[in-house]
2 protein chains.
Amino acid sequence: MKRIGVALLLFASLCYAQETSEFKPAATNILDAPYPRVDSTLRAEFRIKAPDATAVKLNFWSGPKLDMVKQPDGFWTVTTPPLVPGLHYYTLIVDGVEASDPSSHAFYGGSRDTSMIEIPEPGSTYYSAQEVPHGQVREVWYHSSVTGGWRDALVYTPPGYDEQTKVRYPVLYLQHGGGEDETGWIKQGHANFILDNLIAAGSTKPMIIVMANGYARRAGYIPPDLTGKPFGSPEMMKAMQEMASAFEDDMTQALIPFIDSTFRTIPDRDHRAMAGLSMGGMQTFQVTFDHLDLFSYIGGFSGAGGMSMMRGDQKFDTKTAFNGALADPTAFAKRVHLLWIGVGTEEPAMMHAGIVKLHTALDEAKVGHVFYESPGTSHEWQTWRRDLKEFAPKLFQEGAAKP
Amino acid sequence: MKRIGVALLLFASLCYAQETSEFKPAATNILDAPYPRVDSTLRAEFRIKAPDATAVKLNFWSGPKLDMVKQPDGFWTVTTPPLVPGLHYYTLIVDGVEASDPSSHAFYGGSRDTSMIEIPEPGSTYYSAQEVPHGQVREVWYHSSVTGGWRDALVYTPPGYDEQTKVRYPVLYLQHGGGEDETGWIKQGHANFILDNLIAAGSTKPMIIVMANGYARRAGYIPPDLTGKPFGSPEMMKAMQEMASAFEDDMTQALIPFIDSTFRTIPDRDHRAMAGLSMGGMQTFQVTFDHLDLFSYIGGFSGAGGMSMMRGDQKFDTKTAFNGALADPTAFAKRVHLLWIGVGTEEPAMMHAGIVKLHTALDEAKVGHVFYESPGTSHEWQTWRRDLKEFAPKLFQEGAAKP
């Protein structure tokens with residue numbers, strides 16, 4: 001129980017006064033699955049049939065690891081304390097094997113399809129389907145001369161895109177985190193509903209959102225065998241840099257030209273943004289600062305400034321970072337309309353400290369930026385849903401659209 | 001081993017002469033997962049780490065159930081005999097618990113997200129991404145007055161849809177099977193690639209394909225608790241009929257009007273088809289024969305003619321079936337441009353016999369139809385991919401398109 005985490009305990013204290021407890025199936029369940037279920041105090045009850053197992057654990061990736069208890073009917077059950085609102089990855093560990101919960105829909109995370117539970121945030125409707133016009137989410141395929149094959153991407157087109165055939169739109173490129181894929185911002189993040197709701201409220205410009213697969217390999221490249229190499233080994237870092245470089249080229253040489261020739265975009269830097277979460281935030285900083293001719297809005301959600309930011313031993317020098325792009329804050333402010341850095345207050349200490357260090361360095365150098373802290377949330381999707389909800393309204397407010 | 005099935009053994013004999021055996025990761029694997037892997041004789045090798053488990057089985061839903069063998073390194077492995085080409089559902093049974101394989105992507109089937117393995121059909125490229133123009137697959141949301149909520153559907157738009165803004169297209173409504181959902185025809189079936197390839201070859205008219213979620217409940221309807229009721233109980237049959245009726249109304253009253261107002265369709269019966277697999281085939285027969293004012297092409301893939309077809313004790317009377325729509329074969333042929341009935345030769349005997357009985361009854365009554373048998377395949381996706389490949393070219397060949 002000691003791994004429940006500060007965020008969970010903080011939230012639990014808020015719920016202390018509530019006593020009602022009618023359980024309802026989680027929104028993340030498959031059709032008609034009665035478990036897992038959540039009560040009004042945000043406790044969750046899990047159940048799995050495993051009559052022959054000798055030990056079953058409930059394993060939250062960013063939260064408690066709880067022993068499940070065998071019932072006489074062969075089911076194992078456990079009820080959690082109140083949980084932090086948001087979407088939590090979990091698995092069931094059956095006799096040592098990490099298994100998905102068959103009652104939960106599968107979400108791609110941790111480099112596998114796994115289970116998640118949605119703990120509703122009381123009073124929050126911004127990330128669910130409301131009675132407003134809905135955009136579409138399109139899977140598209142493009143041929144990449146960088147990877148030498150077909151790649152897919154998801155594209156959100158805002159309400160009215162098909163009807164207003166003379167209107168052109170700005171574009172936000174929005175990237176998933178490490179271990180996730182291009183489906184994350186829709187399936188986990190509900191980016192489409194967030195934008196539908198913001199656009200309906202009139203607070204956000206209608207825009208296209210492109211979600212690419214963040215893993216790319218150059219044609220002919222054979223990834224090294226990292227078996228036996230420690231995490232962070234030189235071989236692993238080299239392979240990661242090679243993938244990041246291939247992704248950068250794929251995005252700027254194949255994906256962006258495809259999007260601009262396929263959709264009614266406004267294909268200039270004033271109408272092109274990029275943001276991403278965790279690994280996607282680091283990719284965002286790499287791609288945008290290497291290509292300030294292409295982008296003028298930049299967002300790092302729980303991941304910003306590159307790998308060096310995550311290390312306590314390295315100073316971030318605003319004079320030299322990103323080839324000097326930040327050295328003249330006035331010039332930078334004219335060139336980049338928004339630099340956004342977000343983090344959850346309950347993220348792992350090193351992650352939180354790295355982001356704060358970047359924020360502090362930018363402040364000291366008087367480099368204009370927005371620093372956003374999501375209260376009470378960890379390195380999880382509720383942090384990034386909130387980032388997007390606050391970030392999107394600030395996009396494309398500069399300059400007039402060129403039709 | 002006795003449950004490997006006739007299809008498997010038939011195929012194995014074809015491969016007898018082949019001896020090479022270089023294993024390659026299955027196309028259904030998550031990124032970089034080395035297992036499961038398939039060799040050139042179509043044997044598949046599976047592996048899972050479970051050092052504490054006492055028994056692990058590989059469980060093909062339409063094929064063999066094999067004991068896996070524990071290796072000294074804590075991995076359990078097994079290599080199958082040569083498998084039938086196509087996409088096979090499977091799970092791993094760890095100490096009695098049915099678990100997904102973390103190395104496989106998840107596919108919705110059997111009312112859960114589960115594992116599948118793609119066994120490539122030698123020489124077949126029709127269901128994979130080729131060097132041809134690709135359509136888009138769009139997730140759309142529509143409000144249904146029948147269910148009282150938002151529902152989603154997937155919509156394939158053919159290559160060129162966004163560019164040729166004056167062209168209107170015919171529509172095929174294409175339904176998944178029981179236990180699957182609206183993602184099945186894309187994720188499992190590759191319907192988009194099948195159509196891309198057929199359209200590029202010039203053999204099939206460009207068309208829109210709509211894939212709806214086949215489960216619908218009327219607003220306010222509370223499904224009965226079927227706990228303890230046997231499969232096929234009167235309560236279960238009543239609940240199924242109620243769901244089928246709600247689906248029919250949702251489709252005809254909410255979905256079709258939404259599609260016709262959202263996409264550039266040709267909104268008449270001559271340019272509207274419906275087909276489905278298994279449960280979706282039965283839904284197709286119910287919806288189309290109740291609404292011949294809306295449809296003129298009908299396809300049942302391994303599911304046709306309604307539930308009664310699946311029962312050996314009931315005769316199919318072409319004079320009275322479907323309110324007499326088949327009673328006059330000449331009138332029917334004028335009204336319905338295509339009636340398609342497909343089945344795999346290796347499907348379970350009752351399923352195969354039911355479809356053949358319908359085909360025979362139609363033949364005897366001289367009701368024009370196409371009967372298609374997929375050689376060597378069972379009640380699985382390879383049967384339905386082939387159905388679609390043969391069925392789609394026959395659509396919308398009657399009458400001129402009305403722009």
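The following legends describe close-up views of a predicted model that contains chain A and chain B.

**Figure 1. Confidence of the predicted model.** The model scores ipTM 0.91 and pTM 0.93. The average pLDDT of chain A is 91, and 91% of the residues score at least 70. Residues 1-19 of chain A have a pLDDT below 50, and this stretch makes 27 contacts in the model beyond near neighbours in sequence. Where pLDDT is low, the predicted coordinates should not be read in detail.

**Figure 2. The interface between chain A and chain B.** On one side, 43 residues of chain A take part, in contact with 44 residues of chain B. The two chains bury about 3,500 Å² between them, and 56% of this area lies on carbon and sulfur atoms. Within chain A, the residues that lose the most area to chain B are Val97(A), Trp141(A) and Trp150(A), which together account for 17% of what that side buries.

Figure 3. Four salt bridges are found between chain A and chain B. In a salt bridge between Asp32(A) and Arg217(B), the closest N and O atoms are 2.5 Å apart.

**Figure 4. Elements of chain A that touch chain B.** Two or more residues each are given to this side by β3 (44-49), β9 (97-99), β10 (106-109), β11 (112-119), β12 (136-144) and α3 (191-200) of chain A. Of these elements, β12(A) gives the most, with seven residues. By residue class, the side of chain A that touches chain B holds 20 nonpolar, 11 polar and 12 charged residues.

**Figure 5. Strand pairing between the chains.** β12(A) is joined by three bridges to strand β12 (residues 136-144) of chain B, and the two strands run antiparallel. Opposite Val137(A) stands Glu139(B), a residue of β12(B). Strands of a sheet pair through backbone hydrogen bonds, either parallel or antiparallel.

**Figure 6. The five-stranded open sheet of chain A.** The strands of this sheet follow the order β1-β2-β3-β7-β6, with antiparallel pairing. β1 (24-25) and β6 (69-70) of chain A stand at the edges; each has a single partner strand, so one side of each is left without a neighbour in the sheet.

**Figure 7. β3(A) and its partner strands.** Strand β2 (residues 37-38) of chain A pairs with β3(A) in the antiparallel sense over two bridges. Val38(A) has Ala44(A), in β3(A), as its bridge partner. These two strands, β2(A) and β3(A), form a hairpin with five residues between them, and Leu42(A) in the turn has a positive phi of about 70°. β3(A) also pairs with strand β7 (residues 75-79) of chain A, in the antiparallel sense and over five bridges. In that pairing, Glu45(A) has Thr79(A), in β7(A), as its bridge partner.

**Figure 8. The five-stranded open sheet of chain B.** In chain B, an open sheet of five strands has the order β1-β2-β3-β7-β6, with antiparallel pairing. The edges are formed by β1 (24-25) and β6 (69-70) of chain B, each with a single partner strand, so one side of each has no neighbour in the sheet. Strand β2 (residues 37-38) and strand β3 (residues 44-49) of chain B pair over two bridges in the antiparallel sense. Val38(B) stands opposite Ala44(B), which belongs to β3(B).

Terms used: Residues are numbered from 1 along each chain as its sequence is written. Chains are lettered from A and ligands numbered from 1 in the order in which they are written. This is a predicted model: local features need pLDDT of at least 70, side-chain atom pairs count only at pLDDT 80 or more; totals for chains, interfaces and linings use all residues. Side-chain values use heavy atoms; hydrogens and water are left out. Contact means heavy atoms within 4.5 Å. Buried area is the accessible area (1.4 Å probe) that two parts lose on being put together, summed over both. A salt bridge is a side-chain nitrogen of Lys or Arg within 4 Å of a carboxyl oxygen of Asp or Glu. Helices (H or I, at least four residues) and strands (E, at least two) are DSSP runs, numbered from the N terminus. Ala, Val, Leu, Ile, Met, Phe, Trp, Tyr, Cys and Pro count as nonpolar, Asp, Glu, Lys and Arg as charged, and the others, Gly among them, as polar. Two strands pair if DSSP finds at least two bridges between them. pLDDT is the predictor's confidence in each residue, from 0 to 100.
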